[in-house]
Amino acid sequence: MYIKVTENASLLDVLMRAFPESNKTHLRKAVRFGCVTFRGAVLRYPEFELKAGQEISFRKYAERESSKEKPPFKIVFEDDEVIAVLKPAGILSTGRTTEKVRSMFGVVNQYVLRKSRNRQRAYTVHRLDREVSGILLFAKSARTQEFLKENWEKVEKHYYALVHGIPRKREATLKSWLKENARQVVYSVKEEEEGAKWSITHYKLVGTFGWDGKDAVGDEARFSLLRIRLETGRKNQIRVHMSDMGCPIVGDRKYGGDARVRRAVRLFAYGISFPHPVQQRRVCLEIPFPPRFTWVNEEADYL
């Protein structure tokens with residue numbers, strides 16, 4: 001059956017209106033089992049944002065794809081050309097998955113191979129730092145991979161970052177030349193020099209918080225939540241620029257975060273927008289940041 005979206009809302013909210021007799025748990029399972037499609041793509045993320053006027057298709061359990069194809073990760077978006085997944089913090093973006101090392105590429109590639117019966121495989125399009133979580137995009141063919149790389153300047157990437165302190169400006173653009181040393185630490189240099197890459201980061205202050213993720217102002221405010229858009233995508237770019245302005249990311253010891261905080265970098269890739277390689281449209285994906293993302297508990301998070 002087809003469901004018309006009447007107002008901007010999450011996929012789960014749209015389904016709740018369409019099936020008022022069902023509970024949230026049942027509908028969440030239906031989404032994760034592949035019962036909902038949008039523009040030919042299976043939606044497996046209940047928080048996927050839909051806009052008024054759009055239309056989704058809902059299939060009964062008996063019509064859904066085999067449960068054997070259910071992946072060991074969350075899929076944000078998938079069609080015949082691309083797959084966008086939620087990468088947890090602590091897992092490599094690329095590399096071969098072994099008994100000791102896991103990478104998103106490895107598990108996504110296994111899923112695509114199995115689902116397509118070896119007719120397709122995954123191709124790397126971009127990366128997220130190991131300590132960073134959020135949306136990670138893969139292509140399903142070399143042609144699609146090449147298209148996305150050739151049009152990468154048209155791709156927009158958005159992040160949330162929880163940082164120490166409060167920026168002097170509520171909204172600003174940070175620019176610098178970035179260079180990496182032999183210890184794989186990236187740093188800013190004042191002028192262009194060999195090996196340095198120009199980088200641009202835009203940020204906007206969303207809110208300030210005290211302990212336990214509660215809204216706070218003045219002396220009670222210890223952390224700031226920033227919405228960030230990258231204009232360039234250099235290695236560790238956001239982490240370096242936040243550190244440069246005196247507001248290192250919480251948990252990022254490598255770039256000046258309080259060493260007493262547990263090492264869990266509070267940087268989340270919540271959105272990505274890119275031109276579709278086949279269809280004449282732009283794909284815009286957004287997901288909410290994880291629960292307690294702004295929560296920094298003195299007892300639980302400080303060592």
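Modeller: The lining of the second largest pocket has eight nonpolar, two polar and six charged residues. This is a predicted model, in which local features need pLDDT of at least 70 and side-chain atom pairs pLDDT 80 or more, while totals for chains, interfaces and linings use all residues. Residues are numbered from 1 along each chain as its sequence is written, and side-chain values use heavy atoms, without hydrogens and water.

Colleague: What makes a residue nonpolar, polar or charged here?

Modeller: Ala, Val, Leu, Ile, Met, Phe, Trp, Tyr, Cys and Pro count as nonpolar, Asp, Glu, Lys and Arg as charged, and the others, including Gly, as polar. Among the 16 lining residues of the second largest pocket, Phe-48, Glu-49, Lys-51, Gln-54 and Cys-284 lie nearest its centre. Strand 17 (282–286) gives the most to that lining, with five residues.

Colleague: What makes one space a pocket and another a cavity?

Modeller: On a 1 Å grid over the protein atoms alone, a cavity is a set of points where a 1.4 Å probe fits but cannot get out; a pocket is an open set with protein on both sides within 12 Å along at least five of seven lines, and lining residues have an atom within 4 Å of a point. The structure holds one cavity of 30 Å³ or more. The volume of the largest cavity is about 50 Å³, and among its lining residues are His-126, Ile-135 and Tyr-159.

Colleague: What is the volume of the largest pocket, and which residues are closest to its centre?

Modeller: The volume is about 810 Å³. Of 29 lining residues, Arg-127, Leu-128, Asp-129, Lys-235 and Asn-236 are the closest to the centre. By class, this lining has nine nonpolar, nine polar and 11 charged residues.

Colleague: Why is Glu-47 called partly exposed?

Modeller: Its relative accessible area is 21%. Buried means under 20%, exposed over 50%, and partly exposed in between (1.4 Å probe, protein chains only), so Glu-47 is partly exposed.

Colleague: What makes the link between Glu-47 and Arg-28 a polar contact?

Modeller: The two side chains are joined at 3.1 Å. A polar contact is a pair of N or O atoms within 3.5 Å; within protein, one must be able to donate a hydrogen and the other to accept it, and residues adjacent in sequence count only if both atoms are side-chain atoms. The pair of Glu-47 and Arg-28 therefore counts as a polar contact.

Key:
Points joined across faces, edges and corners; volume = space filled by probe spheres on them. Helix = DSSP H or I, 4+ residues; strand = E, 2+ residues; numbered from the N terminus.
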